[in-house]
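We will walk from one stop to the next, with a short note on what to look for at each.

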Amino acid sequence: MNESSTPTDNDTRVSVVIPTFQRPEFVVQAVRSALAQTCTIHEVVVVIDGSEPEPSLQVLAAVEDPRVRVLTADAHLGNARARNLGISVASGDWIALLDDDDRWSAQKLERQFEAIRTFSRTQRVPATSLITSCSLDAMVGGRRFLWPRLFPCEGESIDHYLFCRRLPFTGDRVVQTSTLLASRAVFLATPFRNGRRFVDQDWLLRCATDPELRLIFPDTRQPLVEWNLGNDRPRVSHFADWRRAVGWARRRRHLLGK
């Protein structure tokens with residue numbers, strides 16, 4: 001795509017990639033929220049990650065939409081490698097990621113493409129050099145939190161935005177998996193790496209080594225993603241371990257600013 005083209009042209013195709021692991025009751029809701037977008041969706045690629053695929057296969061078969069493609073991994077890959085598998089087989093020009101227990105508002109992709117088009121035109125940069133996130137509703141125990149509280153400042157680097165908080169609260173600065181939209185070329189150039197924590201942050205930091213890539217948000221506080229933090233599956237993020245976090249940062253010191 002050249003600088004003057006728009007990412008909502010009829011020949012632009014959007015693939016949604018959803019890895020899922022033993023969450024049939026959630027993944028079908030995620031798929032339906034992707035199919036309900038106000039902009040055209042080329043396909044929804046669901047990667048069933050290994051063990052016990054039958055319940056997920058059954059609920060997905062009931063969707064009955066030809067845009068839904070289902071892959072079953074032979075073994076448990078982990079979320080990062082399952083995403084990479086879905087991206088590798090996707091045929092769209094753009095990739096939007098969605099976790100299996102999250103949901104999108106109907107205008108999520110439309111608002112992100114509006115932001116891409118506006119930023120590309122005003123800043124005179126290729127649309128394909130942009131990684132787009134958005135505001136979200138974090139759902140915790142029946143409560144909603146509108147995150148992030150702050151968007152990146154003009155010219156702010158990705159590492160600074162992710163890790164230099166201005167407010168001492170959770171949700172100050174957030175880029176979550178289900179908010180991410182970028183060209184397929186960006187995801188192919190920088191695959192996700194498995195890890196216990198900070199998988200998305202690791203990916204963003206490695207993307208940021210390309211000086212042409214920018215992280216942008218639509219200019220709206222409207223939450224476009226529902227991030228489910230309240231289901232009963234244990235999450236790595238539930239267990240604080242500052243030593244592990246510091247070790248992670250030290251191993252990536254070359255990707256972090258002073």
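Helices (H or I, at least four residues) and strands (E, at least two) are DSSP runs, numbered from the N terminus. This is a predicted model, where local features need pLDDT of at least 70 and side-chain atom pairs count only at pLDDT 80 or more, while totals for chains, interfaces and linings use all residues. Residues are numbered from 1 along each chain as its sequence is written, and side-chain values use heavy atoms, with hydrogens and water left out.

**Stop 1: the second largest pocket**

A pocket here is an open set of points on a 1 Å grid over the protein atoms alone, where a 1.4 Å probe fits, with protein on both sides within 12 Å along at least five of seven lines; lining residues have an atom within 4 Å of a point. Select Phe119, Cys153, Gly155, Leu215 and Ile216: of the 29 lining residues, these are the closest to the centre of the second largest pocket. Now colour α4, which gives the most to this lining, with five residues.

**Stop 2: the largest nonpolar core**

Next, select Ile18, Val31, Val44 and Leu109, which touch the most other members of this 39-residue core. Such a core is a set of buried Ala, Val, Leu, Ile, Met, Phe, Trp, Tyr and Cys residues joined through side-chain atoms within 4.5 Å. Buried means under 20% relative accessible area, exposed over 50%, and partly exposed in between (1.4 Å probe, protein chains only).

Zoom in on valine 44: beyond residues up to four places away in sequence, its contacts (heavy atoms within 4.5 Å) include Val16, Ile18 and Val31.

**Stop 3: aspartate 137**

Move to strand β7 (residues 136-140), the place of aspartate 137. Is this residue buried or exposed? Aspartate 137 counts as buried because its relative accessibility is 14%.

**Stop 4: serine 105**

Finish in the loop between β5 (103-104) and α4, where serine 105 is found. Serine 105 is partly exposed, at 21% relative accessible area. Leaving aside neighbours within four places in sequence, serine 105 is in contact with Gln37, Pro223 and Leu224.
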